[in-house]
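Me: I'd like to go through this structure with you, one feature at a time. Can you show me how to read each one?

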Amino acid sequence: MSNSPQQKHPDRFSVLGLPVHLLPNYANWLADRLRHRQGCHVVTLNAEMTMQAEQNPTLANIIHQADLVIPDGAGIVLYLKLYGKTTQRCPGIELAATLLRHVASSGDSVFFYGGAPAVAEQAAINWQHQLPGLQIAGSQHGYLQGEEMAAFREQLRSLQPRIIYVGLGVPRQELWIAEHRHLCPEAIWIGVGGSFDIWAGTKDRAPAWLRDNHLEWVYRLYQEPWRWKRMLALPQFAWRSLVYRMTGRNPVSRELR
């Protein structure tokens, strides 16, 4: 076990009953886990996932059991500010990209799993063009069934990649990781949502000015208008956050086990 301060005592703070870990640099903490061959499950928490967890006890339990929960969404950061916790938003797609740059020099391998056929493969190709030293252990689309899934599980067990990105959407990717992380116990597992589409060039990420003003959800809704029902989680989260604050329901801050 590392004795570094980052590895030893990352605090966590409750957001509507779910933990969020507070660290100055999440990528450094994960790089330390890689160096010491300590696997972990990373959850990228946003308002939508928080509201889903209220209706899905299995998802809520997985989030509680995760080794690292980062403040992916602007709503999470604003909630923390209500309680005097100043932290920067850490978008999962940016954390995942930072880790790829790290392993390109460390020699650790990465696997891309999820998305439509050919998307993860193209994302891997694009990253290898950017980072010639990056070792891609493999890629696989997210539409496997039956014997194909069984063969894929054996492939992961055989390859033992050090980082596994799972892009199956919430909550499917979190449930899949929780069920299968035993296959590669020394790997860092992260649910990356639609990151493969952006890395493959099949979709665009919101412009920086929208991201900087906490409006990335507007661009996502523009790209995928069918998501409007899911976007109702945002005002629900905002209202629930204000109720928690006004009623004095104090979240618990505690150290990561």
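Me: How many helices and strands does the protein have?

Reply: There are 14 helices and 9 strands. Helices (H or I, at least four residues) and strands (E, at least two) are DSSP runs, numbered from the N terminus. This is a predicted model, where local features need pLDDT of at least 70 and side-chain atom pairs count only at pLDDT 80 or more, while totals for chains, interfaces and linings use all residues. Residues are numbered from 1 along each chain as its sequence is written, and side-chain values use heavy atoms, with hydrogens and water left out.

Me: What is the strand order in the open sheet?

Reply: Strands of a sheet pair through backbone hydrogen bonds, either parallel or antiparallel. Here the open sheet has 6 strands in the order E4-E3-E8-E7-E5-E6, paired in parallel. Two strands count as paired if DSSP finds at least two bridges between them.

Me: Which strands stand at the edges?

Reply: Those are E4 (68–71) and E6 (135–140); each has a single partner strand, so one side of each is left without a neighbour in the sheet. From one strand to the next, the twist averages 20 degrees. Ile-163 has Ile-188 in E8 as its bridge partner.

Me: Which helix packs on the sheet, touching E7 and E8?

Reply: Helix H9 (residues 172–180), which also touches E3 (40–45) and E5 (109–114). Contact means heavy atoms within 4.5 Å. The direction of H9 makes about 160 degrees with that of E8. Axes are lines fitted to C-alpha atoms, for helices over the stretch in contact, and angles run from 0 to 180 degrees between N-to-C directions.

Me: How do H4 and H9 pack?

Reply: Two packed helices are described by the angle between their axes and the distance between the axes. For H4 and H9 the angle is about 60 degrees, with the axes 10 Å apart. The two helices are therefore oblique to each other; angles under 35 degrees count as roughly parallel, over 145 as roughly antiparallel, 65 to 115 as roughly perpendicular and the rest as oblique. At this contact, Thr-58, Leu-59 and Ile-62 in H4 meet Glu-174, Leu-175 and Ala-178 in H9.

Me: How many salt bridges are there in the whole structure?

Reply: Side chains of opposite charge can pair when their charged atoms come close. The search finds 5, taking a salt bridge as a side-chain nitrogen of Lys or Arg within 4 Å of a carboxyl oxygen of Asp or Glu. In one of them, Glu-186 pairs with Arg-37, the closest N and O atoms being 2.8 Å apart. That pair links distant parts of the chain, 149 residues apart: Glu-186 is in the loop between H9 and E8, and Arg-37 is in the loop between H2 (26–35) and E3.

Me: Are Arg-162 and Asp-108 buried or exposed?

Reply: Buried means under 20% relative accessible area, exposed over 50%, partly exposed in between (1.4 Å probe, protein chains only). Arg-162 counts as buried at 6%, and Asp-108 is buried too, at 15%. Their side chains meet in a salt bridge (3.3 Å, N to O). By contrast, Glu-186 is partly exposed at 33%, as is Arg-37 at 45%. Across the protein's 257 residues, 50% count as buried.
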